[in-house]
Amino acid sequence: MNILTFSTGTVGPAFFSLGVNDSLIIIVIIDLVVCLMPAFFAVFGPKLGTRAMVQARFSWGYFGAIIPAILNVFSLEGFLILNCIVGGQMLASLSSHIDDTLGIIIIAIISLVVTFCGYRVIHWYESVAWIPNAIAFIAMLAVGYPQLHENLSAPVPPVTPANVISFASFLASNIVGWCPIISDYGVYHSPDVSSARIFIYTYLGFFVSNVIGQALGAAFAAAAPSVPAWSAGFEDSSSVGGLFYSILLPTGAFGKILTVLVALGMSCACAPTMYTFCNSFMAITTRFSVVPRWVYILVSEGVLIPVAIVGAKKFYATFVDILDIIGYWSSVFAAIILTEHILFRRASFSEDQYPITTWNSYTLLPSGIPAVVAFACACGALVPFMSQAWYVGVVARHGSGDVGVFVGFVVGAIVYALARSFEKLWYKKMSKSDA
C-alpha cells in the first residue's frame, strides 16, 4: 500500500474525465478479477526457487527468454521513474525551497541506499513501510470526508465507452505488470508451503491495497476541482503529491510529518524494483551475470533521475503511457507462461515438469519458437486496439478505447497453445521417423 496506488486511482477522474461512482465501480471489478494473475504467479517463486526471467526459459527457451528479460528491464525502470516522480512531488509540496527535481533526486538516492542493503533488509523494510501510508490514508479520509460527501453528486462530463474501457485497461496494466517480477520475492520461501495459502495471501494483499488506495485516489481527484485548497495543490491535475499534502493541510505539523514519511516511503517501492532490475539484467545473458549487481543499480540510477525529471513536467501523460506499455507486453508474457504451465506442464511444479537443473542449458530447454511466434502475433494484433497520446490504432479510433492489454492476452494464449501443440507433434513425428 503506497502513494502510487493512490495515484493510479486519480487517473480515472483527472485523465479520463470519469465521475467518482464510475471510477469506483471500474476499480473494484478490475481489481477483483485481475489480481488473480499476480497471485498465481507468486506461487512460482517458492515452488521452483527461480527468478521470473529464469523460470520463463521453460516456455520461452534459452534464447527466446532474452526478449522478456530485456523488456522487463525497461518496465522496471518505468516503475522506478513513476515512483520517484510521485515521491518528488510530495516533497516539493512541503516547501518552496524544494522543487520536483530535488525531490526526485532525494527519493532516488534513498532508494539506492536501501537497495545496497540487500534482499533481507529490503524484505524487512517492506514489512513496516506500509504503516505510515495506512495512517496517512486514514487521516486523509477523516479530514476530507465532509468535502468528499458534498461532492459525490457533483456534475461530470458524459461517460463514454472509450474512457471506461481505457481506464479499465490502465488499471489492468498496473496489476499485470507484476506478473514478470512477483516470483522474485518468494524464492527464499519454503517450497513446502501450501500453494493455496501463497495464492490467497498474495491475492488479498494485492486486492485490498489496490482497492483502498485507488478508491481514495479516485474520490479525492474527483472532488478536487470543487475544493479550492485541493485544486490549488493538485495544480490543474498535474501534481498528485500536491493534492496529497493539500488534503492533510488542516492537520498542521502532523500532516507535514505524514507527507514526509509517505514520500520517503516511496523507497519501499523503488528498492525491490531496483533489486529485480538487476536480476533481469543478469538473466539476459550469462556474461551479464558476472558483473557485480551494484553496477546495474548505478546504471538504473543514472537513467532514472534525468528521465523522471523530464517526465514530471507531464505527469499523467507519462504515467498512462508507461503503465499501458508495460501492460501490453506483460499481458502477452503472462498468457504464454500460464498456457505452458496449465496445458503443457499439467499445472504441476514437480521436477518431472520443471527440471530445474536444466535452466541454463539451451539444448535441454524448449526451443522457445512457439513463444516468440505467439509474442509477435499478439503484439501485432494489439496495435490496432492501442489508444495512446502518441498513437491511436485503427480500431481505437472508432471509439473502442484501449483494449490492447486484453487483446494481447487472448491472442497470445491462443497462438501459443496452437504453436506449442504443433511443435510437440512435430518433435514426436521426427522421433518416430528417426527410430
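Predicted model: local features only at pLDDT ≥ 70, side-chain atom pairs only at ≥ 80, totals over all residues.

Colleague: Start with helix H8. How many residues does H8 have, and how far does it reach?

Modeller: H8 covers residues 100–116, which is 17 residues. From first C-alpha to last it reaches 25 Å. That is close to the 24 Å expected at 1.5 Å a residue.

Colleague: Which residues in H8 are buried?

Modeller: Gly103, Ile104, Ile107, Ala108, Ser111, Leu112, Val114 and Thr115.

Colleague: And what covers the buried residues of H8?

Modeller: The cover includes helices H7 (66–94), H9, H14 (253–264), H15 (267–284) and H17 (293–311).

Colleague: What follows H8?

Modeller: Gly118 does, and its phi is positive, near 95 degrees.

Colleague: On to the surface. Which residues form the nonpolar patch?

Modeller: Trp124, Val128, Trp130, Ile131, Ile135 and Phe254. Together they have about 580 Å² of accessible area.

Colleague: Which helix gives the largest share of that patch?

Modeller: Helix H9, residues 119–150, with five residues. Val128 lies in H9.

Colleague: Why does Val128 count as partly exposed?

Modeller: Because its relative accessibility is 30%. The partly exposed class sits between the buried limit, under 20%, and the exposed limit, over 50%.

Colleague: New topic, Ser246. Where is Ser246?

Modeller: In helix H13, residues 240–248.

Colleague: Is Ser246 buried or exposed?

Modeller: Buried, because its relative accessibility is 6% and the cut-off is under 20%.

Colleague: What does the side chain of Ser246 reach?

Modeller: The backbone oxygen of Leu243, at 2.8 Å.

Colleague: And which residues does Ser246 touch, not counting those up to four places away in sequence?

Modeller: Ala229, Trp230 and Gly233.

Colleague: Last one, Met386. Where does Met386 lie?

Modeller: In the loop between helix H19 (369–382) and helix H20 (404–434).

Colleague: Buried or exposed, that Met386?

Modeller: Met386 is buried, with a relative accessible area of 7%.

Colleague: What is Met386 in contact with, leaving aside neighbours within four places in sequence?

Modeller: Tyr328, Tyr391, Val392, Gly393, Ala396 and Asp402.

Colleague: How far apart are Met386 and Ser400 in space?

Modeller: 9.5 Å, C-alpha to C-alpha. In sequence, Met386 and Ser400 are 14 residues apart.

Note on methods:
Residues numbered from 1 in each chain as written. Heavy atoms only, no water. Helix = DSSP H or I, 4+ residues; strand = E, 2+ residues; numbered from the N terminus. Buried < 20%, exposed > 50% of the residue type's maximum accessible area, 1.4 Å probe, protein only. Polar contact = N/O pair within 3.5 Å; in protein donor to acceptor, adjacent residues only side chain to side chain. Contact = heavy atoms within 4.5 Å. Patch = residues over 30% accessible without salt bridge, like charges linked within 9 Å, V, L, I, M, F, W, Y side chains within 5 Å. Areas by Shrake-Rupley, 256 points an atom, 1.4 Å probe, with all protein chains shown as cover. Salt bridge = Lys/Arg side-chain N within 4 Å of Asp/Glu carboxyl O. Expected span 1.5 Å × (residues − 1).
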